[in-house]
Amino acid sequence: MSHPYARELGDFLRARRSRLHPRDVGLEPGGKRKVTGLRREELALLAGLSTDYYQRMEQGREVRPSDDVLDSLAGALGLDDEERRHLFTLAHAARRPMPARRDHGPEQVPDSTRRLLRVLDTPAVVLGRHLDLLAWNPAAEALLGDPDTYPPDRLNMLLLMFDDTLTGGRNCPDWERQALDYIGMMRAAVATDPTHPRATAIVGELSIRSAEFRRLWARHDVRESVSGTKTFQVPEVGEITLDWDTYPLPGSPGPVMLVFTAEPGSADADRLQLLAALHATRSIR
């Protein structure tokens, strides 16, 4: 049985190699090419490795690259800082013996975190390491809808993101960008435990039923923490554009808090305040 981290490392290397073209690294393409990206032998040459050694790395076979080899590969592939850390995380884990079976008990949200959610007057949620929605505050419920209407095992940002009945055909202009953010966060989680049953279940289900997910997952993008801007279409108050940021909570890896905010004094802040007031009124009734 191949090492799960070695398999993930090989997949990551192959995806990063396929996105490079000969001219990107100063090579002449020459003749007809069967691959769109660099050939294995071309990347091995750039990194100063034998083609056979590099091929075994991509195949997830028993290789334990040194940090010097990883540095050379990162340079040849043009990895950014986040991708480089991901490469080293996978390779270091692949050097160790096969991981023993881990305790995969349910993730817990500390009481202090739940108290913090309640006192925040802006939408905030807690996401587990595999993007399960673990907790939320009333402002998030007003903005996103009532999570209690879904079965607990479906309360996952990736599963919801690829649910056609919720996305309206995915016509939101920033849909793919946000999907890639979530997929990148899942990739980072998989790097810490490739055999985790929750990750296997989510990725397996989406890989079967969504060609779009398969295409984006195959890119092997990784995000350790993300922030961005998202526009919501809310029937009661109209369009609201909010900034969102993630904040890690205790644990390694642990849940993250995702918080939406509006520029103070802006029209978006006014609409968000009105939405919260309408939601509070409905709750009292």
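Two residues are in contact when heavy atoms of theirs lie within 4.5 Å. By that rule L127 touches D132, L133, L134, M157, P255, V256 and L258, leaving aside residues up to four places away in sequence. The model is predicted. The protein has 13 helices and five strands.

**The whole protein**
- The protein has 285 residues, and buried ones make up 44% of them.
- The protein exposes about 15,000 Å². Carbon and sulfur atoms supply 51% of that area.
- Take the contacts between residues at least 6 apart in sequence: 58% of these join residues at least 24 apart.

**The sheet**
- In what order do the five strands lie? The order is β2-β1-β5-β4-β3, in an open sheet with antiparallel pairing.
- The edge strands are β2 (133-136) and β3, and each of these pairs on one side only.
- Neighbouring strands are turned by 30° against each other on average, with direction ignored.

- β3 covers residues 227-234 and β4 covers residues 238-248. Eight bridges join this antiparallel pair.
- Three residues separate β3 and β4, and the two strands form a hairpin.
- Across this pair, F232 stands opposite I240 in β4.
- β4 also pairs with β5 (residues 256-261), antiparallel, over six bridges.
- There, W244 has F260 in β5 as its bridge partner.

- Strand β1 covers residues 124-127. A124 and V126 point one way from the strand, while V125 and L127 point the other way.
- Are these four residues buried or exposed? All are buried.
- In a regular strand, side chains alternate between the two faces of the sheet.
- β1 runs antiparallel to β5, and four bridges join them. V126 stands opposite M257 in β5.
- β1 pairs with β2 as well, antiparallel, over three bridges. V125 has W136 in β2 as its bridge partner.
- β1 and β2 form a hairpin with five residues between the strands. In this hairpin, L131 takes a positive phi near 70°.

**The nonpolar cores**
- In soluble globular proteins, nonpolar side chains tend to be buried together.
- The largest nonpolar core here has 40 residues.
- Which residues have the most contacts inside this core? They are L127, L158, F162, Y182, M186 and F213.
- Helix α10 gives the most to this core, with eight residues.
- Another core lies apart from the largest one. This other core has 28 residues, among them F12, L38, L70 and A74.

**Helix α10**
- Helix α10 runs over residues 175-192, which is 18 residues.
- The expected span takes 1.5 Å times one less than the number of residues.
- Why is α10 described as largely enclosed by the rest of the structure? Because 14 of its 18 residues are buried. Buried means under 20% relative accessible area.

**Helix α13**
- Helix α13 covers residues 267-284 and lies across β3 and β4.
- What angle does α13 make with β4? The helix runs at about 90° to β4.

Terms used: Residues are numbered from 1 along each chain as its sequence is written. This is a predicted model: local features need pLDDT of at least 70, side-chain atom pairs count only at pLDDT 80 or more; totals for chains, interfaces and linings use all residues. Side-chain values use heavy atoms; hydrogens and water are left out. Buried means under 20% relative accessible area, exposed over 50%, partly exposed in between (1.4 Å probe, protein chains only). A nonpolar core is a set of buried Ala, Val, Leu, Ile, Met, Phe, Trp, Tyr and Cys residues joined through side-chain atoms within 4.5 Å. Accessible areas come from the Shrake-Rupley method with a 1.4 Å probe; for residues, only the protein chains shown count as cover. Two strands pair if DSSP finds at least two bridges between them. Axes are lines fitted to C-alpha atoms, for helices over the stretch in contact, and angles run from 0 to 180 degrees between N-to-C directions.
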